[in-house]
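This briefing is meant for a reader meeting the structure for the first time, and it takes up a few topics in turn. Please keep in mind that the model is a predicted one.

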Amino acid sequence: MSIHLPHLPIAVVGAGVSGLSCAILLQEAGAQVTILSKAPTHQTTSAKAAAIWFPFEAQPQDRVNAWSLRSWQIFEQLSAQPETGVSFLELVELCENPTPVPWWHLAAPSYRRLLPEERPPQIADAFAISVPLTETPRYLPYLQQRFLQAGGHLHIAHLSDLTSLFPRYRLVVHCAGLGAKQLAQDPSLFPIRGHILKVRCHEPITRAWTHPDPPLAYIIPRSQDCILGGTAEKDRDDLIPDPHTTQTILSHCRDILSSLDRIEILEEDVGLRPGRPTVRLEAEPTAQGTILHNYGHGGAGFTLSWGCAEEILQLAHQHLQHHKETP
Ligand SMILES: Cc1cc2nc3c(=O)[nH]c(=O)nc-3n(C[C@H](O)[C@H](O)[C@H](O)COP(=O)(O)OP(=O)(O)OC[C@H]3O[C@@H](n4cnc5c(N)ncnc54)[C@H](O)[C@@H]3O)c2cc1C
């Protein structure tokens, strides 16, 4: 069903991957969308992500599976356009122990268990999947440009209250990531601190690697650099990279790929994933107007982005229908 929201003024709060994806679908459906964000896109958590398709630290399982599958399908379409920065690569997941297939494997069409002879000797189990990789230095500008070209507006504004956006806007779509802790007064949000290294490798790396059990380690090759990770420290929110953690990441990644002995560190960085027991995607009617919440995507904001954005579009449509029918 194609949705039309002719000239409906909508505010989208947040210019990370969640806000931009929602804003694009709403604007392309005919709404007049303004993104309001306290920071430009390149200063958001989204800009720090690797960012590979992988449903990490996000719940609930049934909705995450559906959103992830839908995002996958859209990333597949985008990968046909090189300017989007979306491509596919093989990801190998290494497991210390024999491991049941993960709950999200149905959302990953090409998921397969590696044969014993295909995996490194010290590894008890391993899986391979072809996954979308969104290279954030190209993908986020692509999203922003697509939104602006469709006629959307973007303003830098630090908000302290969502309801003050009514009645100027008929709907507010709330995608503030960890900022929702204050904006929605949501105490269930918590940071999941991620430390990463951007490195230049002297030997080409053709696959991505992850060891999701502790100690967490991942290697994600991109066109201009390679991301080595990482950490997932719950409730820790300092943004200063710790030299000891840098050495630990290097050591764990070299255990996976010995060619990482010869690399140059370009940057050390820390980002805070917006953790929540479950993603909050729902409509909240308030006395001033309806807020559509879309935050708390944990370590999977890119993986869930298009599936969540489509559900926001449907909620916006339902809202409009309801208000047409009720005088
Ligand atoms: C190291 C690391 C690696 C990751 N790797 C992956 C990966 O491989 N795959 C994946 O899918 N995900 C990954 N993630 C997770 C992903 O980055 C997040 O889930 C995603 O960025 C969340 O996006 P968002 O748009 O919801 O929030 P954000 O990107 O945090 O954006 C929030 C927006 O809200 C704005 N805002 C906040 N408060 C206010 C306010 N008061 N007023 C106005 N604006 C406000 C901010 O300025 C910002 O624009 C990773 C994260 C980290 C840190």
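**The largest nonpolar core**

- The largest nonpolar core holds 87 residues, and the ones with the most contacts inside it are Ile10, Val12, Leu26, Ile52 and Val173.
- Helix 6 contributes eight residues, which is the largest share of this core.
- Leaving aside residues up to four places away in sequence, Leu26 touches Leu5, Ile10, Ala31, Val33, Leu313 and Ala316.

**Helix 3**

- Helix 3, which runs over residues 136-149, has 14 residues and reaches 19 Å from its first C-alpha to its last, close to the 20 Å expected at 1.5 Å a residue.
- The buried residues of helix 3 are Thr136, Tyr139, Leu140, Leu143, Gln144 and Phe147, and because they cover an arc of only 130° around the axis, they lie on the same side of helix 3.
- Among the elements that cover these buried residues are helix 1, strand 3 (86-95) and strand 5 (125-134), whereas the face of helix 3 turned away from its buried side carries the exposed residues Gln145 and Gln149.
- Helix 3 is followed by Gly151, whose phi is positive, near 105°.

Note on methods. Residues are numbered from 1 along each chain as its sequence is written. This is a predicted model: local features need pLDDT of at least 70, side-chain atom pairs count only at pLDDT 80 or more; totals for chains, interfaces and linings use all residues. A nonpolar core is a set of buried Ala, Val, Leu, Ile, Met, Phe, Trp, Tyr and Cys residues joined through C-beta atoms within 7 Å. A residue is buried if 20 or more other C-beta atoms lie within 10 Å of its own, exposed if 12 or fewer, and partly exposed in between; C-beta atoms are placed from the backbone. Helices (H or I, at least four residues) and strands (E, at least two) are DSSP runs, numbered from the N terminus. Two residues are in contact if their C-beta atoms, placed from the backbone, lie within 7 Å. The expected span of a helix is 1.5 Å times one less than its number of residues. The arc is that of the directions from the helix axis to the C-beta atoms.
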